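This briefing covers selected local features of one protein model. Please read it alongside the sequence and coordinates.

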Amino acid sequence: MGRITEDLVRRNAEHNDCVIFSLEELSLHQQEIERLEHIDRWCRDLKILYLQNNLIGKIENVGKLKKLEYLNLALNNVEKIENLEGCEELTKLDLTVNFIGELSSVKTLRGNVHLRELFLMGNPCADFEGYRPFVVAALPQLQCLDGKEIERSERIQALQNLPAVEQRIREQERAHCLKRAREKQEAQRKLREELENKEKENRPGFEGHWDPGSGATLPPSAESKDHPQAPDIQGGERNHRKPEDGEDDLEFWNKPSLFTPESRLETLRHMEKQRRDQEKLSEKKKKVKPPRTLITEDGRALNVNEPKLDFSLKDDENRHQIILDLAVYRYMDTSLIHVDVQPTYVRVMVKGKPFQLALPAEVRPDSSSARRSQTTGHLVICMPKAGEVITGGRGTHTSVRSTMDSSREQPDKRAASCGPGDSWEGEAAFRPSKADVIITDGSECLLRSKPTEKLEVDPSKHSFPDVANIVQGARHTPRRVRPAPGVMPSEEDPDFEDNPEVPPLI
């Protein structure tokens, strides 16, 4: 059950920078508080105090709150109005849905001369005959009762009939007190029975030991004491008891009960027990849960998205790198994100949850970079490829072999060699396009990229030379391809002139 502690008061005083000595408004509703304490010593300047929906059974320790103007004690276990004489500035008092049966206790509020509003609906006293006239006559300073304004004629009539009304109220109070005494005795009897049942369950003899003096027959567990199967049987009985917990819970909620302070306490304790059992069960499940497998036994990386984040993987062929765009939460602190790039996979830990993705190509972890967007919060990881091996186009000959001579051992940015399997590689590997020219004679091939043609308005205005068309043909001369017999001109032709500077026709 909850108690009023200094830490609880400070946590609910955030609007006052957690300073409690100068606090003027405090809200402690729905905290399962059973006793009203400490507030009159810590918060002397309080003007508004919310304590609704708790288990407070007595109004106490508020007499020193001289500045208190509004006190809300709705949905509690209060049975009597008392100890409010010291709240000199009290203007509004809310005691809705409590267990106030002593209606004559409202006379203690006569000293609160500033009291204007009082709420007593939902209490047993609100069902008494003559309830409203009695309260109106007992508190002359009151202006509103249960949200309904008190008229002058109503007050005059209530004062005239006060002696007769007060006598009826006294009789109803005595009947209510006798009823409450019986309810308390019944609640105490049930509590004693529950304690006795728990003691029996905790006794050693209750677990299967036979008591010779009880006169009962020997229990089956004692008969099979020497058998090795006895522990298994007992364990099976324990397993069968687990569904009974749900049956007991269903029986508790279906059991009829009176609306009393004791029943409210019993219900809350039952719910608290359920919560503790659920927490223990969840802790056991967490311990039993196996760790997630990220790498298989054969060294293969698995694709895992435990944070459930959106992502996109792009293969940038122009820059020869793989780009991963991970939609990390926008306002998450970057210290909660850890990136690990490996040659074949990338792993990102987001608040301890792994995101792992197998890469389509091998990358270089030492050259990789990770950046985060300041607008969207996305994490962008750029991973350069370690090596590029790209297959050739469909029109490439499949039976070509690579035979590089000594003159082509030096790297050339525009030339690349062709090998078996239609694979192309060079200093900057690329795929053949329509602008590339392939020259082959069956033994080797050479790939030369055509220069990019640019259209200029007036090239004569530019003083710098056009380097786009400069080709070092003398240093890297491709081997000539023998022409077909039908294409080559015959030497017997009278118009034939052999010019060694003219290359042969293809």
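The model is predicted. Its helix 3 and helix 4 have axes that come within 8 Å. Strand 9 and strand 10 run antiparallel, and positive phi values occur at residues including V97, which is not a glycine.

**Helix 3 and helix 4**

- Helix 3 spans residues 131-138 and helix 4 spans residues 152-160; their axes cross at roughly 95 degrees.
- Because angles of 65 to 115 degrees count as roughly perpendicular, helix 3 is roughly perpendicular to helix 4.
- On the helix 3 side the contact is made by R132, P133, V136 and A137, and these meet E154, R155, A158 and L159 of helix 4.
- Sorted by class, this contact has five nonpolar residues, three charged residues and no polar ones.

**Strand 9 and strand 10**

- Strand 9 (residues 311-316) is joined to strand 10 (residues 321-326) by six bridges.
- In this pairing, D315 lies opposite I322 of strand 10.
- Four residues sit between the strands of the hairpin, where H320 has a positive phi near 55 degrees.

**Positive phi in two other loops**

- V97 has a phi of about 50 degrees and lies in the loop between strand 4 (92-94) and strand 5 (117-119).
- The relative accessibility of V97 is 27%, so V97 counts as partly exposed.
- D146, also a residue other than glycine, has a positive phi near 55 degrees.
- The loop that holds D146 runs between strand 6 (144-145) and strand 7 (148-149).

Technical notes
Residues numbered from 1 in each chain as written. Predicted model: local features only at pLDDT ≥ 70, side-chain atom pairs only at ≥ 80, totals over all residues. Heavy atoms only, no water. Axes fitted to C-alpha atoms, helices over the stretch in contact; angles between N-to-C directions. Parallel < 35°, antiparallel > 145°, perpendicular 65-115°, else oblique. Contact = heavy atoms within 4.5 Å. Nonpolar A, V, L, I, M, F, W, Y, C, P; charged D, E, K, R; others polar. Buried < 20%, exposed > 50% of the residue type's maximum accessible area, 1.4 Å probe, protein only. Pairing = 2+ DSSP bridges.
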